[in-house]
Amino acid sequence: MQQKIIAVIGAGNSDENTLRIAEEVGKLIARRNAILICGGLGGVMEAAAKGAKSEGGITVGILPQSYKSDANPYIDVPVATGFGEGRNVIIVRSADALIAVGGEYGTLSEIALGLKTGKPVIGINTWDIKGIIKADDAEDAVNKALAPLAQ
């Protein structure tokens, strides 16, 4: 059986509480034997990847730039696209479910793409949009992301 891939999406610059939540999400994804995919840069992306790596998880970063070296230090598989924000499509299409932690307009575009493609989109302190499954904390978010995929 193929491992599930969970996208963690959020802003490149976030407050400490948001980063703490993102790191916990990453840890829980790894503990559940899923692969974490993200934008590969800083903020929520780096915190989630750091959490996953601390638990021995696999991390994939879909970078907007043209150089793998731009990835944060917790990314195992950097994919340099040179696509700018267009890389969001790759993140969403590659993921089985998405977890939004906070976020700004880039996160909003990933949420919209996720909802449009019928993927489960779980949100913690993020945009209040029809279709987002709200989660109370990291554990609730990971449970809600993986539950529909277990079938």
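The legends below describe close-up views of a predicted model.

Local features are given at pLDDT of at least 70 and side-chain atom pairs at pLDDT 80 or more, whereas totals for chains, interfaces and linings use all residues. Residues are numbered from 1 along each chain as its sequence is written, and side-chain values use heavy atoms, with hydrogens and water left out.

View 1. Helices (H or I, at least four residues) and strands (E, at least two) are DSSP runs numbered from the N terminus. Read from the N terminus, the order is β-α-β-α-β-β-α-β-α-β-β-α. The radius of gyration, taken over C-alpha atoms, is 13 Å, close to the 15 Å of the globule rule for 151 residues, so the protein is as compact as a globular protein of that length. That rule is 2.2 Å times the number of residues to the power 0.38. The C-alpha trace spans about 35 × 35 × 30 Å along its principal axes. Of the contacts (heavy atoms within 4.5 Å) with a separation of 6 or more, 54% join residues 24 or more positions apart.

**View 2. The largest nonpolar core has 33 residues.** A nonpolar core is a set of buried Ala, Val, Leu, Ile, Met, Phe, Trp, Tyr and Cys residues joined through side-chain atoms within 4.5 Å. Buried means under 20% relative accessible area, exposed over 50%, and partly exposed in between (1.4 Å probe, protein chains only). Ile6, Val8, Val25, Ile29, Ile99 and Val101 have the most contacts inside this core. Two or more residues each come from strand E1 (5-9), helix H1 (16-31), strand E2 (35-38), helix H2 (44-54), strand E5 (97-101), strand E6 (121-124) and helix H5 (138-146). H1 gives the most, with seven residues. Apart from this core lies another, of 14 residues, among them Ile9, Ile35, Ile37 and Ala95.

**View 3. Val8 and its contacts.** Leaving out residues up to four places away in sequence, Val8 touches Val25, Ile29, Leu36, Ile37, Cys38, Val44, Ala48, Ile99 and Val101. Val8, Val25, Ile29, Ile99 and Val101 are among the residues with the most contacts inside the largest core.

**View 4. The buried side of H2 and what covers it.** The buried residues of H2 are Val44, Met45, Ala47, Ala48, Ala49, Gly51 and Ala52. Their cover includes E1, H1, E2, E3, helix H3 (87-94) and E5. Just after H2, Gly56 takes a positive phi of about 80°.

**View 5. Gly57 in the loop between H2 and strand E3 (59-63).** Gly57 counts as buried, at 8% relative accessibility. Apart from residues up to four places away in sequence, Gly57 touches Ala30, Ala52 and Asp76. Arg93 is 36 residues from Gly57 in sequence and 20 Å from it in space, C-alpha to C-alpha.

**View 6. Asn33 and Asn125, each with a positive phi in a residue other than glycine.** Asn33 lies in the loop between H1 and E2, and its phi is near 65°. With a relative accessible area of 52%, Asn33 is exposed. Asn125 lies in the loop between E6 and strand E7 (133-134), with phi near 50°. At 59% relative accessibility, Asn125 also counts as exposed.
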